[in-house]
Each structure stands twice: as C-alpha cells, then as structure tokens.
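Good morning, and thank you for coming.

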Amino acid sequence: MSNINESLQELMSLDGAMGGCIVDYMSGMVLGMTGGGVDLELAAAGNSQVVKAKVATMKSLDIKGEIEDMLITLESQIHILRPTHNHEDLFIYLVLDKSKANLALARRKVQTVDKNIEI
C-alpha cells in the first residue's frame, strides 16, 4: 500500500511524466500533486466536471460497470484520468509529454497505483 505522495512519485517515474495529482471529483479539490506542465489545480477542477459528466451519462444510459480510465490526447500531451476503484469519488490525473511517453506503460502504471493507493 502507498500513501498519496508515494503514489504520485511512482507516477512521476514514468518517461514523459510532467505532473500528476489525486483529485476528489465531487468537489474538484486536489488531495496531492506533483510536477507541472499545466496548472494542475485548475486542470483538476475542470476534469472533475468531465468525470462527473461521464458517470452521469453512464447512469442515464444504464451502462453497467466502472470507468477504467479516460484519455485526452492533445497535440503535445496525453492526459489520463482514472477513477480510483477503492476510494469513491477520487480520480488519478496524470499529464504526459506525448513525444516521450509510452501510453501502454503509463496506463499500466496508473492502474498499479490505483490498486496500491491508501488514502
């Protein structure tokens, strides 16, 4: 099990990792963050709305199951949003430099962090 800071440091060990945080998507508040690349607090608040909208849409469509992760690809960055499976209303947010990152490895690392994080 890892605490928030250890989990964030594990995410930052990835090639191309620019910044990351753990976010309460109901309030948009950041519980912990590291790195940069973007204003992580502002991005976390905005992406909280994205996660809430997807959860609501799934409920409206009666789609069963959980969101594994959400990817937002930009010209030079990849953003991974992964709702945590053991901690309701939280998500892991990772910003990657698209030219340096390996998406498959990053998704796997975020999945591992999700399994091991202890809040």
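This is a predicted model: local features need pLDDT of at least 70, side-chain atom pairs count only at pLDDT 80 or more; totals for chains, interfaces and linings use all residues.

Residues are numbered from 1 along each chain as its sequence is written, and side-chain values use heavy atoms, with hydrogens and water left out.

Let us begin with helix α3, residues 103–116. Helices here are DSSP runs of H or I with at least four residues, strands are runs of E with at least two, and both are numbered from the N terminus. Helix α3 has 14 residues, and from its first C-alpha to its last it reaches 20 Å, close to the 20 Å expected at 1.5 Å a residue. That expected span is 1.5 Å times one less than the number of residues.

Which residues of α3 are buried? They are Ala106, Val110, Val113 and Asp114. These residues cover an arc of only 105° around the axis, and therefore sit on the same side of α3. The arc is taken from the directions that run from the helix axis to the C-beta atoms. Buried means under 20% relative accessible area, exposed means over 50%, and partly exposed lies in between, with a 1.4 Å probe and protein chains only. On the other side of α3, Ala104, Leu105, Arg108 and Lys115 are exposed. The cover over the buried residues of α3 includes α1 (4–12), β4 (77–83) and β5 (90–97). At the N-terminal end, Asn102 caps α3, with a side-chain oxygen 3.0 Å from the backbone nitrogen of Ala104.

At the start of α1, a side-chain oxygen of Asn3 comes to within 3.0 Å of the backbone nitrogen of Asn5.

I turn now to single residues. Thr34 lies in strand β2 and is buried, with a relative accessible area of 17%. Its side chain is joined to that of Gln9 by a polar contact of 3.4 Å. A polar contact is a pair of N or O atoms within 3.5 Å; within protein, one must be able to donate a hydrogen and the other to accept it, and residues adjacent in sequence count only if both atoms are side-chain atoms.

Asp69 is found in the loop between α2 and β3 (70–73). Asp69 is also buried, at a relative accessible area of 17%, and a polar contact of 2.8 Å joins its side chain to that of Arg107.

Where does Asp62 lie? Asp62 is in the loop between α2 and β3, and at 53% relative accessibility it counts as exposed. Asp62 has a positive phi of about 55° although it is not a glycine. Asp89, in the loop between β4 and β5, has a positive phi near 75° and is likewise not a glycine.

Finally, helix α2 (residues 40–60) gives the most to the lining of the largest pocket, with three residues.

Definitions and conventions. Contact means heavy atoms within 4.5 Å.
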